[in-house]
Amino acid sequence: MDSLITAVASPELGFPAWLRITHFINFVFVGVLIRSGVEILSSHPRLYWRTDCGPGTEWLRLTKSIVPAEEGQYMARDDELVLPKWFSLPGGKKIGIGRRWHGLTNFAWMITGIIYVGLLFGTGEWRRLLPTSWDIFPRALDSLRTYLTFNLPPVAAFHPYDALQQLMYAFIVFVVAPMMILTGIAMSPSVIGRFPWYAKLFGNRQGARSLHFIGMVIYLGFALFHVTLVFVVYPAHNVTHMVFGEYRPKQFGAALAIMLTMIAAVVAFWLWQSWWSHQNLRRTQVILNDLEEPIRKLFLGRLKSRQRGYYKESDISPYHWSNGRPPTPEESPEWEALRKDDWRGYQLEIGGLTNKTVSLCMDDLRDMPRQEQITMHTCMQGWTGIAKWGGVRLSDVIGLVEPDEKAKYLMLTSFGTAQHMYDGRPVEPYYTCLPKELVYEDETILAFDMNGQPLPMTFGAPLRLRVESIHGYKMVKYLHKIEWIEDYHTVGDGMGGTREDSSLQSINARI
Ligand SMILES: Nc1nc2c(c(=O)[nH]1)N[C@H]1C(S)=C(S)[C@@H](COP(=O)(O)O)O[C@H]1N2
Ligand SMILES: [Mo]
């Protein structure tokens with residue numbers, strides 16, 4: 001049998017070093033992607049085909065919690081699951097860190113993939129994966145029948161894989177992997193804010209999110225099947241090929257030991273990532289963020305939302321999720337008093353590093369040129385909702401004052417407070433810092449109307465920020481004041497906003 005295997009092993013379709021190395025790196029990265037992906041999913045453990053994410057419209061619900069039908073009763077934050085640290089990356093409801101691991105690893109994984117596919121075609125090795133004749137299908141069926149009856153196809157059927165495995169590998173490399181990349185891109189509010197049609201390719205953004213999840217399930221199922229086959233079907237052949245690049249039947253034991261050690265090391269690395277992330281969450285946040293920032297700037301930095309005119313009234317979501325409750329009378333007696341008086345005494349303060357300070361009441365704001373836009377809200381936790389927002393352009397409002405040369409960020413502060421603080425200290429007002437390019441986007445507005453009505457309490461009355469090319473956590477509700485500042489490091493905990501300070505998100509909310 002040994003001689004037979006040697007005779008069959010095709011001369012050019014071997015197991016060259018680049019193939020074995022990229023295969024190994026891919027194994028490491030896919031594990032990281034799945035573990036961090038699970039962390040991301042756990043922050044909104046529901047999957048939909050509809051954009052509005054209404055209660056009961058999930059096709060898959062991974063939590064026992066039931067969402068009440070009435071808007072504003074249940075906050076997205078209440079819905080987050082806490083996963084064990086060994087299970088997800090980093091575990092323990094740290095979605096901000098999970099997202100950064102996912103993004104960074106994804107980038108490295110794609111580069112590995114490009115190198116791998118480039119070399120496949122450059123060396124002629126593509127023939128190991130891509131079938132060259134239709135009879136692959138009947139042959140794969142034959143293989144399947146053989147496996148299902150607990151038999152093995154003859155060694156002669158492997159070139160270097162049998163037809164069934166070849167088809168599966170080709171499917172994973174040329175169908176599932178590209179699908180994961182394409183659906184992953186649709187997760188970015190910058191991409192679908194600029195190109196709303198892109199999400200439509202998958203039905204809508206929730207369709208893309210669901211397909212992304214299904215792709216992960218396929219990956220997991222495939223991994224299980226694939227690993228089983230490696231160890232069940234001519235293991236000596238597979239394992240020595242994977243380790244040494246050639247068939248060395250006498251060294252099967254050594255090859256197996258090397259391989260199992262490497263697998264154990266990878267598993268240890270995965271667990272170490274969770275442990276290291278939790279060691280010092282702030283350090284982890286800063287390091288991962290700094291590593292990812294240039295990539296985000298390069299690919300997403302210039303994308304500005306262009307959703308006006310794309311969505312129609314009929315696209316407006318019948319249900320819209322919320323995050324962040326209105327301030328309680330204890331949190332903000334001021335807001336409470338203004339609300340009782342129907343916002344008559346409300347004054348939006350605009351100042352900071354400026355030539356003067358200006359206050360605007362609701363009537364002043366309503367007298368300014370009005371902008372209306374039907375846009376999709378994407379919360380970084382995963383849900384979306386489409387609504388019609390009416391208000392004034394932020395650039396018009398801050399155009400009333402002249403910022404200093406030093407002013408680089410616009411800080412917007414709420415009457416409401418953070419839902420919790422990172423270190424457990426008493427909750428502070430919710431705030432965010434926006435870099436200039438977001439401040440001056442066409443579709444960045446201060447909204448006082450939602451779906452043709454004055455802004456409801458849950459959604460930020462009397463005034464809230466809308467920046468349509470980024471995630472929802474920067475869109476301050478119950479807006480109190482606006483200030484030009486020099487540097488966001490000097491306010492709050494220095495990370496750029498409440499969600500950045502307390503939930504370890506990144507100030508660049510484009511992905
Ligand atoms: N004041 C305040 N604004 C806030 C929040 C908050 O907790 N407090 N949550 C943010 C987050 S994470 C999201 S997704 C959106 C949700 O907006 P919605 O409740 O209007 O849907 O508000 C943002 N603005
Ligand atoms: Mo959010």
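This briefing describes the ligand site, a salt bridge and some backbone features of the structure above. The model is predicted, so local features need pLDDT of at least 70 and side-chain atom pairs count only at pLDDT 80 or more, while totals for chains, interfaces and linings use all residues. Residues are numbered from 1 along each chain as its sequence is written, and side-chain values use heavy atoms, with hydrogens and water left out.

- Ligand 1 sits in the largest cavity. A cavity is a set of points, on a 1 Å grid over the protein atoms alone, where a 1.4 Å probe fits but cannot get out; a molecule sits in it if more than half of its atoms lie within 2 Å of its grid points.
- Around ligand 1 there are 21 residues, of which Trp321, Asn323, Arg464, Met475 and Lys477 come nearest; a residue counts as near if one of its heavy atoms lies within 4 Å of the molecule.
- This shell has nine nonpolar, nine polar and three charged residues. Asp, Glu, Lys and Arg count as charged; Ala, Val, Leu, Ile, Met, Phe, Trp, Tyr, Cys and Pro as nonpolar; and the others, Gly among them, as polar.

**Polar contacts of ligand 1 (pairs of N or O atoms within 3.5 Å)**

- A polar side-chain atom of Lys477 is 2.6 Å from an oxygen atom of ligand 1, and one of Arg464 is 2.9 Å from an oxygen atom of the ligand.
- Asn323 takes part through a polar backbone atom, 3.0 Å from an oxygen atom of ligand 1.
- The protein buries 99% of the 540 Å² that ligand 1 exposes when taken alone (Shrake-Rupley method, 1.4 Å probe).

**Salt bridges**

- The whole structure holds 29 salt bridges, each a side-chain nitrogen of Lys or Arg within 4 Å of a carboxyl oxygen of Asp or Glu.
- One of them joins Glu58 to Arg46, with the closest N and O atoms 2.6 Å apart.
- Because Arg46 lies in strand S1 (46-47) and Glu58 in the loop between strand S1 and strand S2 (60-61), the pair ties together parts that are 12 residues apart in sequence.

- The peptide bond from His159 to Pro160 is cis, with omega near -10 degrees; Pro160 is in the loop between helix H4 (136-148) and helix H5 (163-185).
- Trp343, in the loop between helix H12 (333-340) and strand S3 (348-352), has a positive phi near 70 degrees.

Definitions and conventions. Chains lettered and ligands numbered in written order. Polar contact = N/O pair within 3.5 Å; in protein donor to acceptor, adjacent residues only side chain to side chain. 1 Å grid on protein atoms, 1.4 Å probe; cavity = no way out; pocket = protein on both sides within 12 Å on 5 of 7 lines; lining within 4 Å. Helix = DSSP H or I, 4+ residues; strand = E, 2+ residues; numbered from the N terminus.
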